[in-house]
Amino acid sequence: MALMAWDDSYSVNVREIDGQHRMLVTLMNQLHEATKSGCSNDELCEVFEEVIEYTKFPFAADERLMREIRFPEYLLHRAVHEDMKARLADLREQCENGRRSAVRSMTLQFLRDWLISHIAVEDQAIGRYLNAHAVVPDSPAAVSIH
Ligand SMILES: [Fe+2]
């Protein structure tokens with residue numbers, strides 16, 4: 001069973017970013033599954049590397065869009081991304097040390113915080129600002145708003 005499923009209430013109404021968030025949920029679920037399986041520690045770390053690599057996309061897309069629309073809380077939002085990157089680095093270290101149960105519970109907590117606190121609140125604030133101010137940035141991400 002998946003750790004957590006995508007829900008449309010998480011949508012930020014920007015197609016590119018929603019697509020990346022969905023992919024991240026899938027990857028985090030795979031990571032959680034891997035911590036429970038009989039795979040080797042190297043294999044587990046490989047899944048984890050994939051997650052870390054992928055998180056760069058939604059963070060970068062958010063930050064690019066915020067700069068383009070001159071989002072007033074850009075610096076604050078970027079600081080939250082930095083904090084999440086640090087938590088992921090910590091998780092990677094636990095993974096390398098073979099602490100599966102710690103990785104499992106930290107992944108669960110991270111995913112909850114990230115979906116419920118970050119995506120469903122902070123990322124959605126970007127989409128709302130964009131709509132409220134009818135900003136038309138040059139980015140293809142913003143053009144694909146639905
Ligand atoms: Fe964000």
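A crossing of two helices is called left-handed if the near helix is turned anticlockwise from the far one by less than a right angle, a term used in the second of the legends below.

**View 1. Overall make-up of the chain in the predicted model.** The secondary structure comes to five helices and zero strands, and along the sequence the chain reads α-α-α-α-α. Of its 146 residues, 23% count as buried, while residues 24 or more positions apart account for 73% of the contacts with a separation of 6 or more.

**View 2. The crossing of helices H3 and H4.** The axes of H3 (residues 74–96) and H4 (residues 100–133) come within 10 Å and cross at roughly 165°; because angles over 145 degrees count as roughly antiparallel, H3 is roughly antiparallel to H4. The crossing of the two helices is left-handed. On the H3 side, the contact is made by His-77, Val-80, Met-84, Arg-87, Leu-91, Gln-94 and Cys-95, and on the H4 side by Ala-102, Val-103, Met-106, Thr-107, Phe-110, Trp-114, His-118 and Glu-122. Sorted by class, this contact has nine nonpolar, four polar and two charged residues.

**View 3. Helix H2 and the residue that follows.** Helix H2 (residues 41–68) has 28 residues, which at 1.5 Å a residue should span 40 Å, and the end C-alpha atoms of H2 are 41 Å apart, in agreement with that expectation. Buried residues in H2 include Phe-48, Val-51, Pro-58, Asp-62, Leu-65 and Met-66. Just after H2, Arg-70 takes a positive phi of about 55°.

Methods
Residues numbered from 1 in each chain as written. Predicted model: local features only at pLDDT ≥ 70, side-chain atom pairs only at ≥ 80, totals over all residues. Axes fitted to C-alpha atoms, helices over the stretch in contact; angles between N-to-C directions. Helix = DSSP H or I, 4+ residues; strand = E, 2+ residues; numbered from the N terminus. Parallel < 35°, antiparallel > 145°, perpendicular 65-115°, else oblique. Contact = placed C-beta atoms within 7 Å. Nonpolar A, V, L, I, M, F, W, Y, C, P; charged D, E, K, R; others polar. Buried ≥ 20, exposed ≤ 12 C-beta atoms within 10 Å, placed from the backbone. Expected span 1.5 Å × (residues − 1).
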